[in-house]
Amino acid sequence: GLFLLWSFPLFGQIKMMPLGDSITLGDKSSTFEGYRKNLYTLLTNDGISVDFVGTLTDGTGTLPDKNHEGHGGFKADQLLAGLSTYLGAVSSEKVVFLHIGTNDIGNGETAAATITEIEGIIDGIKNHDTNIEIFMATLVPADTTFDGEITNLNALIVDLVSAKRALGYKVFLVDQNQAFKSNANWATQLMFDGVHPNDAGYDLMASTWFQAFMANSQYSTNNFVD
């Protein structure tokens, strides 16, 4: 087909919600912008007009759009409880980047219990607007005793995304865990405190989100071919 010749952005501003806990907030990054800073840069540099949305604003660095929905300390059930409020605070969100469950596992909850709450979040987003694209992350690893249960939860996340996709959900798996663990020295090179990434880890998260977005989103410049 012909490439479209007019300039980006074709869709106007794309409202994107970073949704999750302190890792979405960017806790322990040098500017409290976490992955959001580099994700914004990667998308913008690719010609995509980004509008990060959310009821929270954090960051002391150069990220020009600090809105997000990363609630420090939140477990999946807490995020689920506030979900309708967060989604209702913005109109016409197009994309959600979701990373949640670390605090559940860290507080001794099982993967089986946590995946039910994550499913509730995915269902809640779809029920709010069936057209929202959900980028569902596997959890980044933790250099702690509960990393085994994070691995268990991630296996359930993979299965959940497959099941929802089979039902027609616009949900895409983003394997953040594999991105980290492909580096044998992830625990020392990519983590700040065993649970939160450091700046290098957050940058890796950003590129992993970006690659998944570019490969799957209808708003990706990769998919602007007629």
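This section describes the overall fold, selected residues and salt bridges of a predicted model.

The protein contains nine helices and seven strands. Its C-alpha trace spans about 55 × 35 × 35 Å along the principal axes. The radius of gyration is 17 Å. For 226 residues, a compact globule would have a value near 17 Å, so the protein agrees with that expectation. Buried residues account for 50% of the 226 residues. Among contacts with a separation of 6 or more, 73% join residues 24 or more positions apart. The exposed surface comes to about 9400 Å². Carbon and sulfur atoms supply 51% of that area.

Charged side chains number 12 positive and 26 negative. The centres of the two sets lie 5 Å apart. The count of salt bridges is seven. One of them pairs Lys 75 with Glu 109, with the closest N and O atoms 2.7 Å apart. This pair links distant parts of the chain, the two residues being 34 residues apart. Lys 75 sits in the loop between S4 and H3. Glu 109 sits in the loop between helix H4 (102-106) and helix H5 (111-128).

The salt bridge between Lys 164 and Glu 119 has its closest N and O atoms 2.9 Å apart. Lys 164 belongs to helix H6 and Glu 119 to helix H5, so this pair ties together parts that are 45 residues apart in sequence. Lys 164 has a relative accessibility of 6%; because buried means under 20%, Lys 164 counts as buried. Glu 119, at 29%, counts as partly exposed. Asp 123 also meets Lys 164 in a salt bridge, at 2.9 Å from N to O. Asp 123 lies in helix H5 and Lys 164 in helix H6, so parts that are 41 residues apart in sequence are tied together by this pair. Through shared partners, salt bridges join Glu 119, Asp 123 and Lys 164 into one network.

Glu 93 presents another charged side chain. Glu 93 is buried yet has no salt bridge. The nearest side chain of opposite charge is that of Lys 94, 8.1 Å away. A salt bridge requires a nitrogen within 4 Å of a carboxyl oxygen. Glu 93 lies in the loop between H3 and strand S5 (95-99). Neighbours within four places in sequence aside, Glu 93 is in contact with Lys 15, Met 17, Val 53, Tyr 86, Leu 87, His 128, Asp 129 and Ile 132.

The loop between H3 and S5 also holds Ser 92. Ser 92 has a positive phi of about 55 degrees, although Ser 92 is not a glycine. Its relative accessibility is 38%, so Ser 92 counts as partly exposed. Phe 32 likewise has a positive phi, of about 55 degrees, and is not a glycine. Phe 32 is placed in the loop between helix H1 (22-25) and helix H2 (34-45). At 34% relative accessibility, Phe 32 counts as partly exposed.

Gly 72 occupies the loop between strand S4 (67-70) and helix H3 (76-88). Gly 72 is partly exposed, with a relative accessible area of 48%. Beyond neighbours within four places in sequence, Gly 72 is in contact with Asp 21 and Ser 22. Gly 72 and Ala 142 are 70 residues apart in sequence. Their C-alpha atoms are 16 Å apart in space.

Ala 142 is also among the contacts of Ile 150. Ile 150 lies in helix H6, which covers residues 147-166. Ile 150 has a relative accessible area of 0% and is buried. With neighbours within four places in sequence left aside, its contacts include Ile 105, Leu 139, Val 140 and Asn 177. Ile 150 and Ile 122 are 28 residues apart along the chain. Their C-alpha atoms are separated by 19 Å.

Technical notes: Residues numbered from 1 in each chain as written. Predicted model: local features only at pLDDT ≥ 70, side-chain atom pairs only at ≥ 80, totals over all residues. Heavy atoms only, no water. Helix = DSSP H or I, 4+ residues; strand = E, 2+ residues; numbered from the N terminus. Buried < 20%, exposed > 50% of the residue type's maximum accessible area, 1.4 Å probe, protein only. Contact = heavy atoms within 4.5 Å. Rg over C-alpha atoms; globule rule 2.2 N^0.38 Å. Areas by Shrake-Rupley, 256 points an atom, 1.4 Å probe, with all protein chains shown as cover. Lys, Arg positive; Asp, Glu negative; His and termini not counted. Charge placed at Lys NZ, Arg CZ, Asp CG, Glu CD.
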